[in-house]
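Reader: I would like to learn how to read a structure like this one. Can we take it feature by feature?

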Amino acid sequence: MASAANANLNAVRETMDVLLEISRLLNTGLDMESLSICVRLCEQGINPEALSAVIKELRKASETLKAPENCTN
Amino acid sequence: MATLDQKSPNVLLQSLCCRITGKSEAEVAHQFQYAVRVIGSNYAPTIERDEFLVSEKIKKELLKQRREADAALFSELHRKLQTQSVLKHRWSVLYLLLSLSEDPRKPSGRVGNYGALFAQALPRDAHSTPFYCTRPQSLALGYGDRSAGLSASVGTSGISSLGVYTLNGPTATPQSLLASQAPQSAAGGGQPLGSRLAWALPVSCSPSTALATLATRPPLGPAVPSSRAIRPRRDGEKTREVSEAALVRDILYVFQGIDGKFIKMSGQENCYKIDGKVVLCKSLRDTSSRLSELGWLHNKVRKYTDVRSLDRAFGLVGQSFCASLHQELKEYYRLLSVLHSQLQVEDEQGVLVCTESSLTLRRLLVWMYDPKVRLKTLAALVDFCQGRKGGELASAVHSYGKTGDPQMRALVQHILSLVSHPILNFLYRWIYDGELEDTYHEFFVASDPNVKTDRLWHDKYSLRKSMIPSFITMDQARKVLLIGKSINFLHQVCHDRTPPCKITPASTSADTPKDAAELLSDLEGAFQEKIDAAYFDTSKYLLDVLNRNYLLLEHLQAMRRYLLLGQGDFIRHLMDLLKPELVRPATTLYQHNLTGILETAVRATNAQYDNAEILKRLDVRLLEVSPGDTGWDVFSLDYHVDGPIATVFTRECMGHYLRVFNFLWRAKRMEYTLTDIWKGQMCNAKLLKTMPELSGVLHQCHILASEMVHFIHQMQYYITFEVLECSWDELWNRVQQAQDLDHIIAAHDIFLDSVISRCLLDNNSRSLLNQLRAIFDQIIEFQSAQDSLYRSALEELALRLQFEEKKEEKTGQWGVTAEQEAEEKRRIQEFQDTIPKMRSQLRILTHFYQSIVQQFLVLLMTSTDESLRFLSFRLDFNEHYKAREPRLRASLGTNRGRRPSGI
């Protein structure tokens, strides 16, 4: 049981590593945590198009929020 | 973490928001709401769940960024991923990563732009339409809104649906471009200005409302009309007018000849016109017009091929032309489908595709330039080839290949090779098999089905000059005709069934258009060689067959020997034998008698050693009898020809031969007559020496006879040597050197023509001939006169001798009674009285004869033929006639060598 669980864990870890690698290749800007959240969301059946749209918006929002801060700072 | 966390999506989302924005949960409430909304509304993906496609796309992206190593790496990783079965929705993940990927080359312009833009105050633009920054002053505002972010970094406007897309999800219709109008109402919403991400899209703004607002195309905001000043990179970003993307779509339809929404075919002007109602900026209009030319060209070509493919009588050449046009159009359609798919891809993934490669009118202009040139060439060809078919069509296409532009030349060459393929097929079948299957009359060899085999060589096959393609010279065409004719001749007339491959080693025929193309590229060399080889072999074979099996040359020589009196001993013997027969009136002659005599003559002379085939054909022919004719007038030899020989010795030729024979036979007869006369003279001269009163008459006879002999002698010399021998020599040389049957026929015709004209038998020398005939008549009269003279003289002589003998018998010198002596004296006196009559008769004869000869000489002097003029010199070598004939004196002296002038 434990070995199976371990094996599973390893598999999961491997998968995540691979995905992270791919994500880096593609220059998505996702760190490990975000990536894992995204993967979980996708696995639950969320539409990736929508998800990516959301992420982009979020990013833009964060940048716009940051910029005036920088300016004002 | 045995499996992935089983947290609910909401929770995950919230944590994601926090993570990305880096803020706490409370601050991201708004974003979180938005995220939930978005995700909730777009539950089902609009694109296919194809993992392979996505991975391919990723690879393509990487390659586009020239990161081949990375692409390979990705493939590795993907493979690894596939081997593991942890993920269930690999496709989703990959798609997500792809959509989030950024080109490292591109500066993250967003940030920069935002930085610059947000130096200005935001609130201004709260209610203006944000997305398309057509107005420079509104640019800042536009960026204030989130959507235009992407388009800011875009080089061209392209599918500006990108911005909309992010809001509305993947409703990828061009109409969505205009969904931005919706925000008019939306922007006015009571959004807190503080939200830079002015997600002014109210809940109500679903795609349907976007469309609804689009349909109405509400007038633009106040600032819009000034937006004509477009930044060059923002072409077509007119929210109110037809956008470029819509135009692009339309244009793609127009390319195929289908009327688009805005651009329609205008019948009366025969061009594509943009609908007047459409509001369109000038540059777009121009560009669209330029592009729609392609549609027009396409229509033209298509119409031609469609019409022609229904035409049943168009023929093989025309059909191959249509096929080649079809091929070109297929290529064109392929290009169009690529463009279409490109468009589709963009529509599907508006966000993802780099807008640098999106379709714009400008891009289309550039990409379609080459196809336009090709289509133009095709359309020009189609115009030029209207109404032509067969070889004409090939000539037309060939003439278009003479251009300096290498692309056009290559295109036309390709079409030409396809078009000329059937013609070359015809040609090869014709020259190797002699078969002509040309239902549509496209080939340049025409066959007349009404002609029978005996005229096969001369009449059956002819050249259809209009159908000779311009890349085949006249000489080659003639040779081709000749080769096929020879083969057919061999088959039908000579009954020679040798398969044509024995005659010529049949080289590979033009089975494929590729062969045709190769051949066409080397017309001078390979093609000419083929034709020449076939020509030589076939003609040689034909001549061999004719000479071996049908003894053509032997027959030619036989004609010379028999009809042209070449075999002297035979002719003389024949004349000897025939003389007593022919003197009789013509009506009493029987053909079989004469044939028997002919046989005798043949057997008795060298003619018996001739080929049996030839002797078989020799025959006697009795011409038509007119009243008063003697045998001499109706007798003629004949030579039967049939089969292939008859091609050379046609009926007209045989007619000519018979006429010449007639002439020669008469001349020979004169010679014969004069020989008799001379013989008589020689014999009787001695005998009649005892009658001194006759000496004067006899002297006259002798003189006249020798004049005649001289004349006839010269004539014979002229005929035999200058006419017959020379022409025959020429003919023989030509025949030996002849390369084909046409040469032989031509040489033979020339021979006959020259013989006839020189023998005074043609129309020009009618008067000369009459003179000659008159002379011959005179000779005959003289002969009869002389005969009667001699008869009476010899009778007289015999009687006198008898008297003397009686005297001697009786008693020596005194044995004659007085009355017997008186009787004798009386008789002698009577006889001597007749002498002057004879004398005068002879004198008249002489005079008449000489006048005729003089006239003859005058005519000879003025003839155009040089040899005849020389004949006159020979005839009058001692100027005997010149002395008597003043005309001759004048003409001979002054006009020697000059053209005669109305004597």
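Author: We go through chain B, then a helix pair, then a strand.
This is a predicted model, where local features need pLDDT of at least 70, side-chain atom pairs count only at pLDDT 80 or more, and totals for chains, interfaces and linings use all residues. Residues are numbered from 1 along each chain as its sequence is written, chains are lettered from A and ligands numbered from 1 in the order in which they are written, and side-chain values use heavy atoms, without hydrogens and water.

Reader: How many helices and strands are in chain B?

Author: Chain B has 37 helices and 6 strands. These are DSSP runs numbered from the N terminus: helices are H or I, at least four residues; strands are E, at least two.

Reader: How do I describe two packed helices?

Author: Two packed helices are described by the angle between their axes and the distance between the axes. In chain B, H25 (residues 568-582) and H30 (residues 651-687) pack at about 80°, axes 11 Å apart. So H25(B) is roughly perpendicular to H30(B) (65 to 115 degrees). Axes are lines fitted to C-alpha atoms over the stretch in contact, and angles run from 0 to 180 degrees between N-to-C directions.

Reader: Which residues of H25(B) and H30(B) meet?

Author: Among them are B:Ile571 and B:Leu574 in H25(B), and B:Trp665 and B:Tyr672 in H30(B). Contact means heavy atoms within 4.5 Å.

Reader: And how do I read the faces of a strand?

Author: In a regular strand the side chains alternate between the two faces of the sheet. In S6(B), B:Phe635, B:Leu637 and B:Tyr639 lie on one side, B:Ser636 and B:Asp638 on the other, and all are buried (under 20% relative accessible area, 1.4 Å probe, protein chains only). S6(B) is therefore largely enclosed by the rest of the structure.

Key:
Angles under 35 degrees count as roughly parallel, over 145 as roughly antiparallel, 65 to 115 as roughly perpendicular and the rest as oblique. Buried means under 20% relative accessible area, exposed over 50%, partly exposed in between (1.4 Å probe, protein chains only).
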